[in-house]
Amino acid sequence: MRALYYTKIDYMLTRKQLRIVPIFFLLALLMGKSASVGEMTLLVACSYVIFIASIFSSAPFSYSGGRNRGFLLMFPATVKDRVTGRFLFGLSFVGLLGLCSAAIFGICGMIGVEIPLWTIGAGLCELAIGIVLVVLQYLFFYLFGEGKDNWQYLNNLVRTVPGMTMFFATSYLAGDVQDEVAAGTLPDLETVAGMMMRAGVLSMAAALLLTVIAAAVCAKVISRRDYA
Amino acid sequence: MELLEVKHLSKQYKNFSLQDISFTLPKGYIMGYVGANGSGKTTTLNLITGIQKANGGEVFIDGLSREEDERAYKGKIGFVGDDCYFPGDFKIKHIRRALQDFYPTFSREKFDGFIRDWKLPENKPTKDFSRGMKVLLMFASVFARETKLLVLDEATNGLDPVMRADVVKLLQSYVMDGERSVIFSTHILSDLEQIADYIYFIHDGRTVLYEAKDELIESFLLVKGETAKIPPTLKKELIGVDENAYGFEAILPSDKAELLGNAFLYEKPTIDQIVIHYIKSA
């Protein structure tokens, strides 16, 4: 329960930043709407949402260093509670933006954009990658960068580069795959929709398992440190 | 019955080490933890609260160590630091919400009462609070729930005299029921004169003095006189000799009073004077 209280504090800490997330959601929705020119654009919109998730989910680290640290450390809770709470924040935030992606699919479907079944499996895979990116960021912050104000530049890179890379890689791949499907060098992706769905579910399960392991490792490592 | 037991606490850094700090604080009493800047006061208090981890030694609050039950241990502590630890963007409503979640004994009525009485602004983020308001907010967050030990780290620094007097009164009423205790570090030694029952004096990470305040004051004399008249037997007993154009001032253990003869003036020292002369002698 105390872990959830820490999650709640993380939402309160980052509330100002989170207020601008709907703007990014609208941008992603516009991107998805243009899927009429190619269904791959839906996945690019999803990867954009994941990119946003990876940036904002590490925001609490900017607020929990320095003088604010005492506030979090003095609560009657263990390091495990605090770390679990932070991971739950990351997971729930990616989950919320995952729901935004689902909403993009839904809204686009309602306005007449065709939603192929395989894109749902691919979307799940993207979400799983998003979770993995966030987990890796958290590992970095907890094991190397938490509270190190002079690491600001590196911290900013860790916050932005992975998500950005995923977004551009998806955009690049999407264009490539679409061209190859059109040229007939790749089979129609709808024929592998079942396989894509299984891959999506499996990758989600693996990402969640990784989250649990990473949270346990972080709690173990930082419990020996001062100010942790 | 001891509320706080600190046993052989040590902490090593590259350029500083806290060595073998041991003391006890009975229920219902206030301890002043004093020393110069960098002497290890904050480190000790951080080791007690568990913010920092000791290299050796143990701390028990009401018989419970942090290792036994970290949640219960931390729940017994109320901490007020010299710097406001509430996130600068938080308003009082956010702090209230967090405290309500974490502390089952948190009383919203008490908290709101303090906020009203001290006229703390509800709609301003804490970063816009004055230094005094920040300290009062930390006190409100601590006094609105049940704690056993109040740990204050230079909490009265920067407060105006009226506000400091209010805080001193609050501390006295906090220990009134005989079940709770306070340990506080401060530079303002006049606060100690008023309320401390015990004095722990630390210098360079080591214990210098640890006594009940009244006994400590009784056990020293403040000596003044002409420097030239100090006999060698007295000179080696004087602590922190401060020479000036008019003579010298130092402290002397009371049991060495017979060395003074009639050539010197002496009186009971204040805590301030004992500490200053000890620091001078170090």
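**Chain B, overall**

I started by counting elements in chain B of this predicted model, and I found 10 helices and 14 strands. Next I looked up the extent of the chain: along the principal axes, its C-alpha atoms fill a box of roughly 65 × 40 × 40 Å. Of the 282 residues in chain B, 55% count as buried. I also looked at the contacts with a separation of 6 or more, and residues 24 or more positions apart account for 69% of them. The accessible surface of chain B is about 12400 Å², with 48% of it belonging to carbon and sulfur atoms.

**Chain A, overall**

Then I turned to chain A, which has 10 helices and zero strands. Read from the N terminus, its elements run α-α-α-α-α-α-α-α-α-α. Of the 228 residues in chain A, 50% are buried. For contacts between residues at least 6 apart in sequence, I noted that 84% join residues at least 24 apart. The accessible surface of chain A comes to about 10400 Å², and carbon and sulfur atoms hold 72% of that.

**Where the chains meet**

How much area do chain B and chain A bury between them? I read off about 2800 Å², of which 61% is on carbon and sulfur atoms. On the chain B side, Ile51(B), Arg71(B) and Phe102(B) lose the most area to chain A, together 27% of what that side buries. The contact draws on 29 residues from chain B and 28 residues from chain A.

The rule finds four salt bridges between chain B and chain A. I looked at Asp101(B), which forms a salt bridge with Lys8(A), their closest N and O atoms lying 2.8 Å apart.

Which elements of chain B supply at least two residues each to the side that touches chain A? My list reads α1 (41–49), α2 (70–75), β6 (77–80) and α3 (92–102). The largest share, six residues, comes from α3(B).

**Helix α1(B)**

After α1(B) comes Gly50(B), and its phi is positive, near 90°.

**Thr147(B)**

I found Thr147(B) in the loop between α5 (131–143) and β7 (149–153) of chain B. Is Thr147(B) buried or exposed? It counts as buried because its relative accessibility is 5%, which falls under the 20% limit. The side chains of Thr147(B) and Tyr174(B) are joined by a polar contact of 2.6 Å. Leaving aside neighbours within four places in sequence, I listed the contacts of Thr147(B) as Gly75(B), Lys76(B), Ile77(B), Gly78(B), Val142(B), Tyr174(B) and Arg180(B).

**A nonpolar patch on chain A**

Ile20(A), Ile23(A), Leu27(A) and Leu30(A) make a nonpolar patch of about 370 Å². I picked out Leu27(A), which lies in helix α3 (residues 21–33) of chain A. Leu27(A) has a relative accessible area of 40%, so I put it down as partly exposed.

Technical notes:
Residues are numbered from 1 along each chain as its sequence is written. Chains are lettered from A and ligands numbered from 1 in the order in which they are written. This is a predicted model: local features need pLDDT of at least 70, side-chain atom pairs count only at pLDDT 80 or more; totals for chains, interfaces and linings use all residues. Side-chain values use heavy atoms; hydrogens and water are left out. Patches are made of residues with over 30% relative accessible area and no salt bridge: like charges are joined within 9 Å, nonpolar side chains (Val, Leu, Ile, Met, Phe, Trp, Tyr) within 5 Å. Accessible areas come from the Shrake-Rupley method with a 1.4 Å probe; for residues, only the protein chains shown count as cover. A salt bridge is a side-chain nitrogen of Lys or Arg within 4 Å of a carboxyl oxygen of Asp or Glu. Helices (H or I, at least four residues) and strands (E, at least two) are DSSP runs, numbered from the N terminus. Buried means under 20% relative accessible area, exposed over 50%, partly exposed in between (1.4 Å probe, protein chains only). Contact means heavy atoms within 4.5 Å. Buried area is the accessible area (1.4 Å probe) that two parts lose on being put together, summed over both. A polar contact is a pair of N or O atoms within 3.5 Å; within protein, one must be able to donate a hydrogen and the other to accept it, and residues adjacent in sequence count only if both atoms are side-chain atoms.
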